[in-house]
Amino acid sequence: MKKKLLLADHDHEYMKELSYYFMEQVPQFELVLFTKEETLLQYLQGEEPRDVLVLDEQFVNDEIKSRSSGVTRVVLMTNQIPLEGFSGVKKYQKLSDLVSQVLMHYAEEHQLLNK
């Protein structure tokens, strides 16, 4: 079964480019895309499996934090202010670097959870 990677960003064009890159370069993940916070919250309320949550910093709030515990959480940052409970990566960088950083965070957390 494929791992689920949730991508959330309000910018439709950015989301399109990022999701295409993930689909081509990281086929072991099934992507679930969100451009609205309400839709993401509804999904997180359910019992659907999820392994990685990559979201724009504008999506981060207490409700998202509480509903995504136990998941590798990566925030796409435009500033350098770290957000508690999230690993941060620069939003605007080469997609290959962004994806590598997301996968590195996932591998590190996954390894820690399985020790």
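Lysine 4 sits in strand 1 of this predicted model. Its relative accessible area is 11%, under the 20% limit, so lysine 4 is buried. Leaving aside neighbours within four places in sequence, lysine 4 contacts Phe29, Glu30, Val32, Tyr43, Glu48, Pro49, Arg50, Asp51 and Val52.

The side chain of lysine 4 forms a salt bridge with that of glutamate 30, at 3.7 Å from N to O. Lysine 4 belongs to strand 1 and glutamate 30 to strand 2, so the pair ties together parts that lie 26 residues apart in sequence. The two partners can be set side by side in accessibility. Lysine 4 counts as buried at 11%, whereas glutamate 30 counts as partly exposed at 35%. With glutamate 48, the side chain of lysine 4 makes a side-chain polar contact of 3.3 Å.

Across the whole structure, 6 salt bridges are found. Lysine 91 takes part in a salt bridge with aspartate 9, at 2.7 Å from N to O. This pair links distant parts of the chain, 82 residues apart. Aspartate 9 lies in the loop between strand 1 and helix 1, and lysine 91 in the loop between strand 5 (87–90) and helix 4. Aspartate 9 is buried, with a relative accessibility of 3%. Lysine 91 is buried too, at 4%.

Aspartate 56 also meets lysine 91 in a salt bridge, again at 2.7 Å from N to O. Here the link runs from strand 3, which holds aspartate 56, to the loop between strand 5 and helix 4, over 35 residues. Aspartate 56 counts as buried, at 4% relative accessibility. Elsewhere, salt bridges with shared partners join Lys4, Glu30 and Glu48 into one network.

The largest nonpolar core has 18 residues. Leu5, Leu7, Phe22, Val54, Leu98 and Val102 touch the most other members. Two or more residues each come from strand 1 (3–8), helix 1 (12–25), strand 2 (29–34), strand 3 (52–56), strand 4 (72–77) and helix 4 (95–113). Not counting residues up to four places away in sequence, valine 54 touches Leu5, Leu6, Leu7, Ala8, Val74, Leu76 and Val102. Another core, of 17 residues, lies apart from the largest one. Its members include Ala8, Phe34, Val71 and Val75. In soluble globular proteins, nonpolar side chains tend to be buried together.

Note on methods. Residues numbered from 1 in each chain as written. Predicted model: local features only at pLDDT ≥ 70, side-chain atom pairs only at ≥ 80, totals over all residues. Heavy atoms only, no water. Core = buried A, V, L, I, M, F, W, Y, C linked by side-chain atoms within 4.5 Å. Buried < 20%, exposed > 50% of the residue type's maximum accessible area, 1.4 Å probe, protein only. Helix = DSSP H or I, 4+ residues; strand = E, 2+ residues; numbered from the N terminus. Contact = heavy atoms within 4.5 Å. Polar contact = N/O pair within 3.5 Å; in protein donor to acceptor, adjacent residues only side chain to side chain. Salt bridge = Lys/Arg side-chain N within 4 Å of Asp/Glu carboxyl O.
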